[in-house]
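Visitor: Please show me the model, and let us then discuss the terms applied to it.

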Amino acid sequence: MFAARLRGRLVPALALLLAVAATLYVSTHAAKGPSPHPLRLRTGDRHLTVADSEAFLKSATGIRGGIVQFESIPTESQRAALNGLGVRLQRYLPDNAFIASIPADVSIAQLEAHGIQWVGALRAEDKIAEVLSVYGVTPEWAVGADGLPHFTIGLYPHVNLEEVSGWLAADYGAQVTGISRLGHAVEVAL
């Protein structure tokens, strides 16, 4: 009788223990799967996948411009360690992500060791405000007194501002109206 009562309680307890263990296993291995936090961009939410990371890491040599996402906001020691690897965090993107410059010789293991759970490209469609990319309309507030649309183009820290300014003027007829060294951006009228 005692054994039957014990068995009656033991089986549900074991089932609960297995469910908790499985949940812990899945949550500790989530970094290998899709990110639990989507990127919250002006163009909408972007859900991140392992395929994004793999494609990005295979894509370029030299310094890659992309996005890194942390499990939580990085500490000063994580930032310093990444800086030592040549990784430059630029602008914050919700949730827990940054636009970053990443040397090609930095491995995913090195990034993961410093709290990065996902890395990937900042796609063209992630960079352009929805009103421009979807509707093809220049908002009224972007049109200057000269009647031209004015834009600020943010660049990765490793990109030369003067070269980009010259290229925009020569190839697209853009009027460079300003260069922001602090924000690492070029202001143009098109």
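Guide: The lining of the largest pocket divides into 26 nonpolar, five polar and six charged residues. Nonpolar here covers Ala, Val, Leu, Ile, Met, Phe, Trp, Tyr, Cys and Pro; Asp, Glu, Lys and Arg are charged, and the others, Gly among them, polar. This is a predicted model, in which local features need pLDDT of at least 70 and side-chain atom pairs pLDDT 80 or more, whereas totals for chains, interfaces and linings use all residues. Residues are numbered from 1 along each chain as its sequence is written, and side-chain values use heavy atoms, without hydrogens and water.

Visitor: Which element gives the most to the lining of the largest pocket?

Guide: E7 does, with five residues.

Visitor: Why is Asn96 called buried?

Guide: Buried means under 20% relative accessible area (exposed is over 50%, partly exposed in between; 1.4 Å probe, protein chains only). Asn96 has 12%, and is therefore buried.

Visitor: Where is Asn96 found?

Guide: Asn96 lies in the loop between strand E4 (88-93) and E5, strands being DSSP runs (E, at least two residues) numbered from the N terminus.

Terms used:
Helix = DSSP H or I, 4+ residues; strand = E, 2+ residues; numbered from the N terminus.
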